[in-house]
Amino acid sequence: MEGEGECSDNPFTSVMTLTKMRVPHVPQRYVLPPSQRPTLTLDLTTTLPIVDLSTLHHASQRSLTLDTIQGACKELGFFQVVNHGIPLPVIHDALAAATEFFNLSLEEKMTLLSDNVHNPVRYGTSLNHASDKVHYWRDFIKHYSHPISDWIHLWPSNPPSYKDKMGNYAKAVQVLHKQLMEAILETLGLNFGNLQKEIEEGNQLMAINCYPACPEPDLTLGMPPHSDYGTLTVLLQSGPGLQLQDNKKKWLSVPFVEGALLVQLGDQIEVMSNGQYKSVVHQVTLSAENKRLSIASLHSLPINKKIGPAPELVDEQHPVSYNEFSFRDFLDYISSNDIADKRFIDSIKKSV
Ligand code: OGA
Ligand code: NI
């Protein structure tokens, strides 16, 4: 069942394959050291912010909503959105296309297999099956998505409806990202117009993730703790599983809200805000009963654009705290570093 022709210490095995084989235990390479294993009980004492985006269009409610967004960005780097303008059928179609893709034969999916993080379309498992020391219980397909006409011909041609369904969702999320950026830059007192063109011409990478039911969910993770590199990630999930770290480093489980989308601040916003806002550290836990799908749309400014702290947010009390970086710098970093060991953003923080 394993991939052929791969020259690597780590042969390719998808977790969908392991699940189909009904392995009674997770193979050793998925077992995390005890200190890194998750706590799976839900903490019901914390409520996470939910923002009704329709209120941004009403002059009388806009400033209150911006306050809520600002509070969420400062405290957690995370909020959920409802009334976000993406119709439920578009969301359901995108998840259906993802389900059908992962149900294809391994042979068919392997035509897109790649461990090269610079490839614009690639199928894989774990973070990077070729180099991971510990493996994570995740299969994925990632593809660049904006502008869609540059990339869609490279997307999976099976299932036949994939391009249409995922494409509709991708275009809608790109519009939503722009609206969210406009609001978030306003809460920082930054001029959206200065960045509008680069936001419109920015990169959109969709990571479609599949976390099959796992026989021992207390021993392993779907993804290790990390923050996303970009401006914002808009995440669609089919069920619960995401956990995020609050500012006291406590793990919180994100409740599942049908039709809601999750917004996570990435490293580019942390850097632009000169540390006023923090990118959110998150991880994915697994379930013994249910498969979970997620579609993470990771947005960033154009691939070669270097981002540093906004000059408006730098003064004597708030000196420049980060070196500049581009999405390409991040890709180069992850080709030779394990983000499960050291966060990228820690490599660009200026020492004081
Ligand atoms: C990611 C990610 C979370 C999830 O793809 O970067 O964090 O719930 N995904 O799949
Ligand atoms: Ni992430």
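In this predicted model, the nickel ion (ligand 2) is coordinated by three residues, His226 through NE2, Asp228 through OD and His282 through NE2, at 2.1 to 2.2 Å. Along the chain these donors follow the spacing H-x1-D-x53-H. The two histidines bring together distant parts of the chain, since histidine 226 belongs to strand β6 (residues 223–226) and histidine 282 to strand β11 (residues 282–284), 56 residues apart.

**The nickel site**

- Histidine 226, which coordinates the nickel ion (ligand 2) through NE2, has a relative accessible area of 6% and is therefore classed as buried, the limit being under 20%.
- Histidine 282, likewise a donor through NE2, has a relative accessible area of 4%, so this residue also counts as buried.
- Aspartate 228 contributes an OD atom to the nickel ion, and an N or O atom in its side chain is 3.2 Å from an oxygen atom of ligand 1.

**The surroundings of ligand 1**

- In the side chain of arginine 292, an N or O atom is 2.8 Å from an oxygen atom of ligand 1.
- For asparagine 209, the corresponding distance between a side-chain N or O atom and an oxygen atom of ligand 1 is 3.3 Å.
- Ligand 1 taken alone exposes 290 Å², and the protein buries 97% of that area.

- Serine 14 is located in the segment before α1 (15–20).
- With a relative accessible area of 1%, serine 14 falls under the 20% limit and is therefore buried.
- The side chains of serine 14 and threonine 17 are joined by a polar contact of 2.5 Å.

- The peptide bond from histidine 146 to proline 147 is cis, with omega near -10°.
- Proline 147 is placed in the loop between β4 (139–144) and α5 (148–151).
- Asparagine 158 and proline 159 are also joined by a cis peptide bond, for which omega is about -5°.
- Proline 159 lies in the loop between α5 and α6 (162–187).

- Arginine 22 is not a glycine, yet its phi is positive, near 55°.
- This arginine 22 is found in the loop between α1 and β1 (50–52).
- Because its relative accessible area of 72% is over 50%, arginine 22 is described as exposed.
- Lysine 249 has a positive phi of about 65°, although this residue is not a glycine.
- The position of lysine 249 is in the loop between β8 (242–245) and β9 (251–253).
- Lysine 249 has a relative accessible area of 63%, which is over 50%, so this residue is exposed.

Note on methods: Residues numbered from 1 in each chain as written. Chains lettered and ligands numbered in written order. Predicted model: local features only at pLDDT ≥ 70, side-chain atom pairs only at ≥ 80, totals over all residues. Heavy atoms only, no water. Donors = N, O, S within 2.8 Å, 3.2 Å for Na, K, Ca; no water. Helix = DSSP H or I, 4+ residues; strand = E, 2+ residues; numbered from the N terminus. Buried < 20%, exposed > 50% of the residue type's maximum accessible area, 1.4 Å probe, protein only. Polar contact = N/O pair within 3.5 Å; in protein donor to acceptor, adjacent residues only side chain to side chain. Areas by Shrake-Rupley, 256 points an atom, 1.4 Å probe, with all protein chains shown as cover.
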